[in-house]
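Have the model open as you read.

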Amino acid sequence: MGSSNEGGRLFFQSETFETTKRNRRKPSGRFIQEPARSLPVHTECDVLVVGGGPAGTAAAISAARAGADVVLIERYNHLGGLSTGGLVIWIDRMTDWQGNHVIRGFAEELLSRLKPEMIAGPGRHEWGSRDPNRVAYWALRTAAYHDTVTYSPTLDPEWLKAESLAMVLEAGVHPIFHAWGARPLVEGDRVTGCIFESKQGRRAVLAKVTIDASGDGDILAGAGSDFETEVDARDIHGCMNTAWMFAGVDMDAFLRFRAEMPDEYGEFMARGREALRFFERPVVSWRNDVALFMGPRLAGYSALDVEDLSEVEIRSHQLMLEHLAFYRRHAPGFSGAHLMVSAPQLGVRHGRRLIGTARLTRDMWDGRVAPDEIGVSPSLSPKFANVSIPYGALVPGRTGGLLAPGRHLSCDAGSHSFMREIPQCWLTGQAAGAAAALAADHGIEPAAVPIAELRSRLARQGVFLNPLAAEKPAGELDAKGLAGCSDDATVRA
Ligand SMILES: Cc1cc2nc3c(=O)[nH]c(=O)nc-3n(C[C@H](O)[C@H](O)[C@H](O)COP(=O)(O)OP(=O)(O)OC[C@H]3O[C@@H](n4cnc5c(N)ncnc54)[C@H](O)[C@@H]3O)c2cc1C
């Protein structure tokens, strides 16, 4: 994936496809009144997490481990969100450009539970390597950019679901599946829980702190928190598509074709574009016989418009069949390909972004350390320093009782390009869970959580943190438990 800097904004050069919308029903313009009614309170808890994706799973586990009574509601039947149900099985970079492992904590723990046959990627000894042979090998396999080998593996989504569920249950979280968080309960300017829809109708969960981990900011928007949303057809950020996987392939054969026969590969891609117009190339998975397609990326649709969501589903599924026929016929390694699965969850990159008490913006990619840092993200390219993530990016400005980690956190669109990635969502989810437990325990608002206490808790959970100016010298930090920084040197390649 290449990138360019246009007018201060980073646009990705991944291929995107703008389409003409069709199949739309026009609103009739009429309204009806929904009668008021009493709702049963399904349960009460310290911390309610809405959404069981990467952010929600990490948040629930982190809060429960901190002693909170935690309920998690999820509209589907599994945990992992887009990383499992969306077949986004390529976990983006957790190392920086020097090979340091900076996204750790929950991410490290979860991935360490996967056996070698469930996850594929470079070993620790290769992270940060600039050996041209290793870079060439991993560049074809999701794990080398800018001439550097990175820790960005692919994995088996079913095992990620299984291990996420095991961790949630081990931590004592109470998950409720098939429950759609419909509307936050708001008293004054505080969220006090959420109404969910299920086969039992509408029910309420009351909570001291609610964590919106829906990815699209459903709860924060319902609570009246400020947010921003845009449909930018020029940017991958605004694209949607349903991913799929083909089985029965030989990806090594396809990758040899791509690397060793560049002219023929170029002709193949041109022919595919001509035949299908919207054409995508496969990505490796954790197995040689399974190919992943995370596009074609359909541009110009809104993740907040149900007619758009429906149309993207229809077009993606049609494109899957067209790709199967084309690849079987023309792509080396694909003659025996067959449909394995289309993603149960639609791939949405952006719906809403919170406007929080802090906002992660492009000018903060210069290596500065946020005074309320809750984790560190690798930067987009070696010309930028690691990015320090402020706690305030999860905290709604005007709404109490609520936190919003994951891909709807508070940032500009350029920063969203990496802050929406799975490891970053694990990171912000883990921080939100720890903060929510602290707030519930101390009887305070999430915005008032003592940062030193939060950071010390995160460090004990293995999160990598920069020392803050106020906390120096680093030796003292280690003594306080900010251990995530201390053994980092050992993971340099
Ligand atoms: C096509 C595509 C390709 C991508 N490629 C990569 C990649 O290569 N590497 C990478 O690291 N990242 C990638 N991403 C980004 C990444 O997958 C997501 O941004 C990340 O999963 C977001 O995590 P999240 O927990 O914030 O939200 P989600 O993963 O969206 O999870 C939200 C969860 O909440 C549930 N939910 C939503 N609303 C409600 C509700 N109202 N009530 C109850 N439950 C609800 C959903 O069912 C879901 O389980 C990609 C994304 C897409 C779409």
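## Ground rules

This is a predicted model, so to speak of local features we need pLDDT of at least 70, and side-chain atom pairs count only at pLDDT 80 or more, while totals for chains, interfaces and linings use all residues. Residues are numbered from 1 along each chain as its sequence is written, and side-chain values use heavy atoms, with hydrogens and water left out.

## Around the ligand

The ligand has 35 residues around it, the closest being Glu74, Arg75, Trp90, Gly181 and Arg420 (a heavy atom within 4 Å counts as near). By class that's 16 nonpolar, 11 polar (Gly is put here) and eight charged (Asp, Glu, Lys and Arg) residues.

Now the polar contacts (N or O atoms within 3.5 Å). A polar side-chain atom of Arg75 sits 2.8 Å from a ligand oxygen, and a polar backbone atom of Leu82 is 2.9 Å from a ligand oxygen. On the nitrogen side, a polar backbone atom of Gly181 is 2.7 Å from a ligand nitrogen. Taken alone the ligand exposes 1,000 Å², and the protein buries 97% of that (Shrake-Rupley, 1.4 Å probe).

## Helix α1

α1 (54-65) is one of the elements giving two or more residues to the shell; helices here are DSSP runs of H or I, at least four residues. Of its 12 residues, 11 are buried, so α1 is largely enclosed by the rest of the structure (buried means under 20% relative accessible area, with a 1.4 Å probe and protein chains only).

Its cover includes β4 (41-50), α4 (157-171) and α10 (contact means heavy atoms within 4.5 Å). α10 also gives the largest share of the ligand shell, three residues.

Key. A polar contact is a pair of N or O atoms within 3.5 Å; within protein, one must be able to donate a hydrogen and the other to accept it, and residues adjacent in sequence count only if both atoms are side-chain atoms. Buried means under 20% relative accessible area, exposed over 50%, partly exposed in between (1.4 Å probe, protein chains only).
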